[in-house]
Amino acid sequence: MTELQQYLAEEVAEDHIDGIITRREAIRRLGLLGVGAATASSMLAAEAAAHGGGHGHGHGHGGGGHGHGHPEATTSTWAPVPRESITFAGPRGPLLAAWAPATQPRGGVLVIHENRGLTAHIRDVAGRFAASGYSALALDLLSEEGGTGAFPGEAEVAAALAQIPPERFDADMKAALSELDKRVPRKSTLAAIGFCFGGGMIWRLLAAKEPRLSAATPFYGPFPAGANLNGSRADVLGVYGGLDARVNASMPAAKAALDAARLDYELLTFSEADHAFFNDTGARFQVQAAEEAWRRVIGWFDDAGHHKHRQ
């Protein structure tokens, strides 16, 4: 079993332990990943022992305002920008993506999906970036297989992703950055963000020495074993959930690689949040952490842009 296949199998086991899917469904999904029934049962038992029970989830919100001096009055609206499906040239054939253009872009963002593929949630994330001033391109890493929509469900999507050599993902992400670069104003800041499986892909993109990235934000992404970030120029904001012990185990390796590459970075842990806390369609969604993470990401991309333009 490859490193990527192991990660995807552990995702299934964790979903079962947290009560998101049944044992029968977990066994089925592990079977799609090539895990035999006996091994699957052992994996589920080991995951249950490691967790010692499920995690809880919280909800809440907060807000505030300020004002001083001469009063200013304005009205405005905010909503995710509508997305359009696009096709562009890739290294092995056409690539599929969702494109959300900002009205006055401060830069461009490449969005990499979870192991569920290019879902409505990920398309919405692209639209949110565009509404916040960053034109966004959300790549479908199953383009060569006909796209995420060609599969009957998320289990089949994850199984298909597990069969693809990771080097193909690297090449497709670089091609997507090239397409993004064409669609934003000249000399715009380019950034990348990915979630879960996609967070691991962002670490891979950084390790691939992609020089065009000014900023990168892997959300709870497993750091690839032995990855070397020397040659990258991106400012890195790594986002983690404090309850996500499985992915957090790779944080020391990520920190060591960032230090060795002498990159500007912050590894930010939301102590009360779990894996996939940013996904507002998932069982582990944690609204307070998600709202603060979004604020931090936009600020990080803005700061990276200012930093690069001063150089």
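Contact here means heavy atoms within 4.5 Å. This is a predicted model, where local features need pLDDT of at least 70 and side-chain atom pairs count only at pLDDT 80 or more, while totals for chains, interfaces and linings use all residues. Residues are numbered from 1 along each chain as its sequence is written, and side-chain values use heavy atoms, with hydrogens and water left out.

**View 1. Helix H5 sits largely enclosed by the rest of the structure.** Eight of the nine residues in H5 (154–162) are buried, meaning under 20% relative accessible area with a 1.4 Å probe, protein chains only. Among them are Glu 156, Val 157 and Leu 161. The cover includes helices H1 (3–17), H2 (23–32), H6 (166–183) and H7 (197–207). Helices (H or I, at least four residues) and strands (E, at least two) are DSSP runs, numbered from the N terminus.

**View 2. An open sheet of eight strands runs E1-E2-E4-E3-E5-E6-E7-E8, with mixed pairing.** Two strands pair if DSSP finds at least two bridges between them. At the edges, E1 (84–89) and E8 (265–270) each pair on one side only. E7 (235–241) joins E8 in the parallel sense over six bridges, and Leu 237 has Glu 266 in E8 as its bridge partner.

Methods. Buried < 20%, exposed > 50% of the residue type's maximum accessible area, 1.4 Å probe, protein only.
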